Amino acid sequence: MDHFWEIFLHAVKDTLPLLPWVLFIYIIIELLENKTDLKRSHRLGGKLGPLVGAATGVIPQCGFSVMAAKLYEQKYITVGTLLAIFFATSDEAFIIMISSGEGAVWVLPMLALKILLGIAIGYGVDGFLRLIGRKQMQVEMPATYGQTPDTVHEIFMQKFLSERDVEANCSCGRTHDEARPWMNYIVYPVLHALKVAGLIFLVNFVLTWAIHSVGEAAFVEFMNKSKFLQPLITCAIGLIPNCASSVVLTEAFLSGGIAFGSCVAGLCANAGMGFVVLLKNVRKWKRNVILIVFCYVLSVVIGLLCNLLPIAM
């Protein structure tokens, strides 16, 4: 029992210092989401689509992968742009890395790698489809839809979601309330931060328990031997449409449970609710299966290649 409380308190001590930083970052993200002007978002539909998509996909803003899936369904963007956004998306990963202090050193390498992968995959897929004569039907993005949307929130809620979706929840799992800004900028960030902190605590507790149970040396040796199998598991976790998957992957990496490449692989497969939107179109089930399998297999390959590098150690 003493051993249990020792591990419990260790996990609490590792989690509590992160909470203020996570809360602060979520408040900033909420402000950016509702205030940042994105009038030129139509560039996602042009030749710069994969480039713009990869650059903006790394921003942990509400519903970006869902917005991309909706744009793709309505033929406003190519499959390459869709994949660029999916592979660049990392959900909560960068927030946790920045908040963890020591983990902040991994933000720039991860950020650069995810952007480069998104751009390369986006243009590569579109180029390959053109090469084999597979023409992608693409329509011009409308300039207005009722009222002209400018911010991330307006674009997501007014332009790319159906009325039924708007009446339900945003992809982040909550309803935005413009009449009560204190809910958007205080209450929801607090709830989101507490949820993430709870997940961080759980991962820390499990990993600490595992390390204490088998011994630190034996644990490190086991993880080093299995690092080429890790991407298979982390990519499967990444496909789970919930922020918990990115939290688990990032905390497991920062705690030494998985290699850098394995974390990258899982986050590449982590498209959030984007795949859920695509799967709603049951008539395109073959297309959806191909996209999911493609993302999984390519993410595994990326993880294996990254684990061959010295940085993966």
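Mentor: Start with Leu-82. Leaving aside neighbours within four places in sequence, Leu-82 is in contact (heavy atoms within 4.5 Å) with Ala-68, Ala-69, Tyr-72, Ile-77, Leu-278 and Leu-291. This is a predicted model: local features need pLDDT of at least 70, side-chain atom pairs count only at pLDDT 80 or more, and totals for chains, interfaces and linings use all residues. Residues are numbered from 1 along each chain as its sequence is written, and side-chain values use heavy atoms, with hydrogens and water left out.

Trainee: Which residues have the most contacts inside the largest nonpolar core?

Mentor: Leu-82, Leu-83, Met-110, Leu-278 and Ile-302, in a core of 47 residues. A nonpolar core is a set of buried Ala, Val, Leu, Ile, Met, Phe, Trp, Tyr and Cys residues joined through side-chain atoms within 4.5 Å. Buried means under 20% relative accessible area, exposed over 50%, partly exposed in between (1.4 Å probe, protein chains only).

Trainee: Which helix gives the largest share of this core?

Mentor: Helix α5, residues 79–88, with 8 residues. Helices (H or I, at least four residues) and strands (E, at least two) are DSSP runs, numbered from the N terminus.

Trainee: How many helices and strands are there?

Mentor: The protein has 16 helices and 0 strands.

Trainee: New topic: what share of the protein is buried?

Mentor: Of the 313 residues, 46% are buried.

Trainee: And Val-289, where is that found?

Mentor: In helix α16, residues 285–307. Val-289 is partly exposed, with a relative accessible area of 41%.
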